[in-house]
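Thanks for coming. Please have a look at the structure on the screen, and then I will walk through a few parts of it.

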Amino acid sequence: MKAIQHHYPPEWAHCYGCGYLNPMGLHIKTYWNQEKRESETRFTPSPHHTAIPGFVYGGLLASLVDCHSTATAAAAKADSEGLSLETTPLRFVTASLKVDYLKPTPLGPELLLVGRAKEVKGKKVVVETELYAEGTLTVRGEAVLVQIGEGFARP
C-alpha cells in the first residue's frame with residue numbers, strides 16, 4: 001500500500017514532516033484504512049528529538065500531529081467523494097492546530113498516530129488525531145485543514 005503522502009505531486013512534496021522530496025525531513029508516512037475510516041502513521045523518534053532526557057520534544061509531537069492530519073484530510077476527502085488519490089491528488093494545509101499534551105511521551109518506543117475526520121465540508125476538513133506511545137494516549141490534536149489547488153506551490 002502506498003502512503004498518502006506519496007500521492008502528492010512533486011511541487012507539494014517538500015514539507016519537513018512528510019515531504020518525500022525533503023532530504024532533511026521526517027518522511028512520515030500515513031496510511032488510510034477505508035473500512036475503519038481512519039488513518040495510521042508510525043514514527044520512531046531519534047535521540048536528538050529529546051525535550052528532557054527520556055522524553056520527546058513537544059514541537060516534534062505537534063509536527064507529527066500536523067502532518068498526519070493533513071494526510072488524513074486528503075484521504076477522508078477522497079473517500080467521501082469516491083475519488084482515488086492515485087488519479088486525483090489532493091493536498092491540504094493547516095488553518096488551525098490545537099494540541100493537548102496529556103502525558104509525557106517517552107523517547108524510544110515507536111509512536112502510533114490515529115486520525116479520523118470529524119467533518120468533511122467543501123474544501124475544509126476537521127481531523128482529530130491521537131498519538132500513542134506503547135498503547136498509552138499521550139497527545140490529542142485537532143486540526144482544521146483547507147484543500148489547496150493545483151497552482152498553490154508554483155511561483
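Let me begin with a question: does Gln147 count as buried or exposed? Gln147 counts as buried, because its relative accessibility is 18% and the cut-off for buried is under 20%. Before I go on, please keep in mind that this is a predicted model. Gln147 is found in strand 6, which covers residues 136-147. Setting aside residues up to four places away in sequence, Gln147 touches Lys77, Leu90, Arg91, Phe92, Gly122 and Lys123.

The largest nonpolar core has 35 residues, and among them Ile4, Ile28, Leu64, Phe92 and Leu131 touch the most other members. Which elements give two or more residues to this core? They are helix 1 (58-81), strand 3 (92-101), strand 4 (111-121), strand 5 and strand 6. Helix 1 gives the most, with 12 residues. As background, nonpolar side chains in soluble globular proteins tend to be buried together.

Not counting residues up to four places away in sequence, Leu131 touches Leu61, Leu64, Thr105, Leu111, Leu112, Leu113, Thr136, Leu137, Thr138 and Val139.

Thr105 is on that list, and I want to stay with it for a moment. Thr105 lies in the loop between strand 3 and strand 4. Is Thr105 buried or exposed? Thr105 is buried, since its relative accessible area is 3% and buried means under 20%. With neighbours within four places in sequence left aside, Thr105 is in contact with Gly54, Phe55, Val56, Leu61, Leu111, Leu131, Ala133, Thr138 and Val139.

That takes us to Ala133, in strand 5. Ala133 is buried, with a relative accessible area of 3%. Leaving aside neighbours within four places in sequence, the contacts of Ala133 are Thr105, Pro106, Leu111 and Thr138. Ala133 and Glu110 are 23 residues apart along the chain, yet their C-alpha atoms are separated by 6.7 Å.

Glu134 counts as exposed, because its relative accessibility is 64% and exposed means over 50%. Glu134 also has a positive phi, about 50°, although it is not a glycine.

Which other residue can I show you with a positive phi of about 55°? That is His27, and His27 is not a glycine either. The place of His27 is in the segment before strand 1 (30-33). At 30% relative accessibility, His27 counts as partly exposed.

Now the cysteines. How many disulfides does a search of the whole structure find? It finds zero. Cys15 is in no disulfide, and the nearest cysteine sulfur, that of Cys67, is 3.5 Å away. Cys15 counts as partly exposed, at 26% relative accessibility. Cys67, in contrast, counts as buried, at 7%.

Another cysteine is Cys18, in the segment before strand 1. Cys18 counts as buried, at 3% relative accessibility. Apart from neighbours within four places in sequence, Cys18 is in contact with Gln5, Tyr8, Ile28, Cys67 and Arg91. Of these contacts, Gln5 is 13 residues from Cys18 in sequence, and the two are 6.6 Å apart in space, C-alpha to C-alpha.

My last topic is empty space. Rolling a probe the size of a water molecule over the atoms shows where such space is left. About 250 Å³ of space lies in the largest pocket. Which residues are closest to its centre? Of the 15 residues that line the pocket, the closest are Ile4, His7, Trp32, Ala75 and Leu85. Strand 1 and helix 1 each supply at least two residues of the lining, and the largest share, three residues, comes from helix 1. By class, the lining of this pocket has nine nonpolar, three polar and three charged residues.

Conventions
Residues numbered from 1 in each chain as written. Predicted model: local features only at pLDDT ≥ 70, side-chain atom pairs only at ≥ 80, totals over all residues. Heavy atoms only, no water. Disulfide = S-S within 2.5 Å. Buried < 20%, exposed > 50% of the residue type's maximum accessible area, 1.4 Å probe, protein only. Helix = DSSP H or I, 4+ residues; strand = E, 2+ residues; numbered from the N terminus. Contact = heavy atoms within 4.5 Å. Core = buried A, V, L, I, M, F, W, Y, C linked by side-chain atoms within 4.5 Å. 1 Å grid on protein atoms, 1.4 Å probe; cavity = no way out; pocket = protein on both sides within 12 Å on 5 of 7 lines; lining within 4 Å. Points joined across faces, edges and corners; volume = space filled by probe spheres on them. Nonpolar A, V, L, I, M, F, W, Y, C, P; charged D, E, K, R; others polar.
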